[in-house]
Amino acid sequence: MGKKRVMVPAEDVDLATVMYEPEVIQAPHLTGLTFKLFVKLLETPLVGPLIVSHLKKENKMTELLHNTVIPEAPMYRPEYPPQADAAGINVFTEPEPGVVVVDEDGKPEDRVESALNCLPPYNAASCWNEDLASSFRYWKIRDYAHAYRSNIITPAMVAERIISVIEEFNKKKPPMPLLISFDPEVVRKQAAASTKRFEEGNPISILDGIFIAIKDDIDLHPHPSKGGTTWMHEVRSVEEDAVSVSRLRSCGVIFVGKANMHELGMGTTGNNPNYGTTRNPHAVDRYTGGSSSGPAAIVGSGLCSAALGTDGGGSVRVPSSLCGVVGLKTTYGRTDMRGSLCDSGTVEIIGPIASSVEDVMLVRYTCKVKTWAWLMFEIGFLEQLISVYSAILGSHPADRISMNPSPPCLPKLSTHDGMDALASLRLGKYTAWFNDVHSTDVSDKCEDILNLLSRTHGCEMVEIVIPEMQEMRTAHLVSIGSEFLNSLIPDIEDGKGVRLSYDSRTSVGLFQSFSASDYITAQCIRGIDSPSWHVYKPSKKELDLLNRVWYTLVPSSNFSLLYNVPYSSCTFISVYLLSLAYLQQLAGFESILRRIMHHHMEIFKKVDVIVTPTTGMTAPKIPTSALSYGETDMQVTGYLMRFVVAANLLGLPAISIPVGYDKQGLPIGLQLIGRPWGEATLLRLASAVEELCVKPKKQPASFYDVLKTK
């Protein structure tokens, strides 16, 4: 056995001595019958545990999880210690500069109207007089809105074109479906209702008549949620929409169905032998990336303006990068996870994918448009993303209490003052990490855009160092793996495990080797000590206040009204704990020990955004032998996940924006990682990046112009 390793406290790590270690993954690449045989061995008593133990030792997981002493206490989900500016204000709970604050308790319709007021003017003449074939661009949400209002086309007409393409995809051999669950009559019914509203001059919002796909692990009634499996719908019924879907539906969105995905989200390529593997719109012999493969492909192919995915390990950002679209991972707790298969995890979020940042922002804050003034705004690639983000935004009430998020806000992109805020931004780049890619095409293209951003807007580039990258990756793997297994154990024990794909069964074999001790160790790596009374001693005046809260705010309904907390949450215990939390904030309480969270919070004292490529490689090829039995290729997984893990483990917001192509014409994405609750800054910066990518976009090989009018 190796010697015990004792890690120094995070705050004592000497960054000058930190050396970046390129990630080297020791695991076989297997497909076809060889992969099938490997899984059979993996599930064999005695032999399987030996294989897993060997792989864990080869990849230094055993050393970290079993032979390392970590001084920090565990943090079981992202929590953000206060970070004060020069004036002593906590920057994590205050609105960002140059923004519009929106009401997450208000109607989704009103939030989207606020989002529209943040956008620059829309020029219908330039948008509609362009020849799409000679200068490719995606149709955006406001293009559809203009076409519907001007009677150029109707939602019902667009629906027929989309239905035709989806049915064509469903007939392909080998199968490569964009959607797992699809009912053309349900689509026609929604489109007919939207068409009628436009004919009557009474559309619900700018999202009325906009076609959106929903990943198969998010509830969309009446469709089943299978999570890419063949059996999940047998053990879990769908009675209503997920919260995020319900918000979109209230704005008039037309849902095309449930999009394909890597089974149960446990993969980065999008391979799914159960239904067929969705293909990359830019090259049908390439993977889309995963696990939100269907959502990214259906947006990239032009069939939908936007889609919803889930992101627990880059599952929105990776396929967005590989398919040349925009993907937003929000801060953990910013969007409500209720109604998804991963609603109890600590690393996952529901996030939008769109062909532009603007549309992502609109969908995140959904709005009811009281006038048609929204048609007078400029279009941009960011448009789609902003649209979707507007619609789905809004924390779970419990997260709002425990995490104390800053108010959700949107960047003012319609004013020069808003864009001037870019000049003050400091962008952090860890060069050794940034350049750890499969092909320099990726890092060079991202570097070029960052240099152009600095020259154009004056953003300052700051060299940073991020310690303990390998520890962070291991902590994420143990966290997401343990939480995944915990949710699946009853079904595995009930015999459903053998109906999983070989890829998922390989993951289950690894995850079953993690112990309770391993999970706690992973949270210590993530972690931060919880507040405790031995650190903070309230004054007599504060104790008197606590006692008054404890004894006088009864019945609980009084507390509910005072603190705007749901009545069901207001037990005596919650009164006590929330009062304690209030007193700790009042006294400027600061949590003490951190590990990975500490390192990143220190970095965010020096920079506003961390910049990386989204993935370490462009879309990998699909081996023919992987179509029937799946594939395990941890080297590819390592490159695809190289830059995405921190945002999931620490709950930070991040966005992927397309910035160009490699020598083979495959899309490259740039990732921006922000401070907690800093989505507005990311959206502003992403919009600027989008505008700088002035070279004509390459039309995907599989593109469908469903809004064509000629």
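**Helix α25.** I began with helix α25 (residues 596–603) and found it mostly covered, with 7 of its 8 residues buried. I take buried as under 20% relative accessible area, exposed as over 50% and partly exposed as in between, with a 1.4 Å probe and protein chains only. Helices (H or I, at least four residues) and strands (E, at least two) are DSSP runs, numbered from the N terminus. The buried residues of α25 are Ile596, Met597, His598, His599, His600, Met601 and Ile603. What covers them? I found that the cover includes α19, α21, β17 (609–613) and α28 (645–649).

**Ground rules.** I am working with a predicted model, where local features need pLDDT of at least 70 and side-chain atom pairs count only at pLDDT 80 or more, while totals for chains, interfaces and linings use all residues. Residues are numbered from 1 along each chain as its sequence is written, and side-chain values use heavy atoms, with hydrogens and water left out.

**The whole protein.** I noted 29 helices and 20 strands. Of the 710 residues, 61% count as buried. For contacts (heavy atoms within 4.5 Å), I looked at those with a separation of 6 or more, and residues 24 or more positions apart account for 81% of them.

**α19 against α21.** The axes of helix α19 (residues 469–493) and helix α21 (residues 516–526) come within 9 Å and cross at roughly 130 degrees. Axes here are lines fitted to C-alpha atoms, for helices over the stretch in contact, and angles run from 0 to 180 degrees between N-to-C directions. That angle makes α19 oblique to α21. The classes are roughly parallel under 35 degrees, roughly antiparallel over 145, roughly perpendicular from 65 to 115, and oblique for the rest.

Which residues make the contact? On α19 I listed Glu471, Met472, Ala475, Val478, Ser479, Ser482 and Glu483, and on α21 Asp518, Tyr519, Ala522, Gln523, Ile525 and Arg526. They divide into 6 nonpolar, 3 polar and 4 charged.

**α1 against α2.** The axes of helix α1 (residues 32–42) and helix α2 (residues 47–58) come within 7 Å and cross at roughly 105 degrees. The two are therefore roughly perpendicular to each other. Phe38, Leu41 and Leu42 of α1 meet Val47, Gly48, Ile51 and Val52 of α2. This contact has 6 nonpolar residues, 1 polar and no charged.

How many residues of α11 are buried? I counted 8 of the 8, so α11 is largely enclosed by the rest of the structure. They are Ser293, Gly294, Pro295, Ala296, Ala297, Ile298, Val299 and Gly300. After α11 comes glycine 302, whose phi is positive, near 85 degrees.

Threonine 288 sits in the loop between β9 (283–287) and α11 (293–300). Is threonine 288 buried or exposed? It is buried, with a relative accessible area of 0%. Leaving aside neighbours within four places in sequence, its contacts include Ser293 and Ala297, along with Thr269, Arg279, Val318 and Cys323.

**Isoleucine 163.** I found this residue in helix α7 (residues 155–170), buried at 2% relative accessible area. Not counting residues up to four places away in sequence, isoleucine 163 touches Phe182, Pro184, Val187 and Arg188. Its C-alpha is 6.2 Å from that of proline 184, 21 residues apart in sequence.

**Glycine 660.** This one lies in strand β19 (residues 654–661) and counts as buried at 15% relative accessibility. Beyond four places in sequence, glycine 660 touches Lys445, Leu666, Pro667 and Ile668. The C-alpha atoms of glycine 660 and lysine 695, 35 residues apart along the chain, are separated by 8.2 Å.

**Cysteines.** I searched the whole structure for disulfides (cysteine sulfur pairs within 2.5 Å) and found 0.

Note on methods
Nonpolar A, V, L, I, M, F, W, Y, C, P; charged D, E, K, R; others polar.
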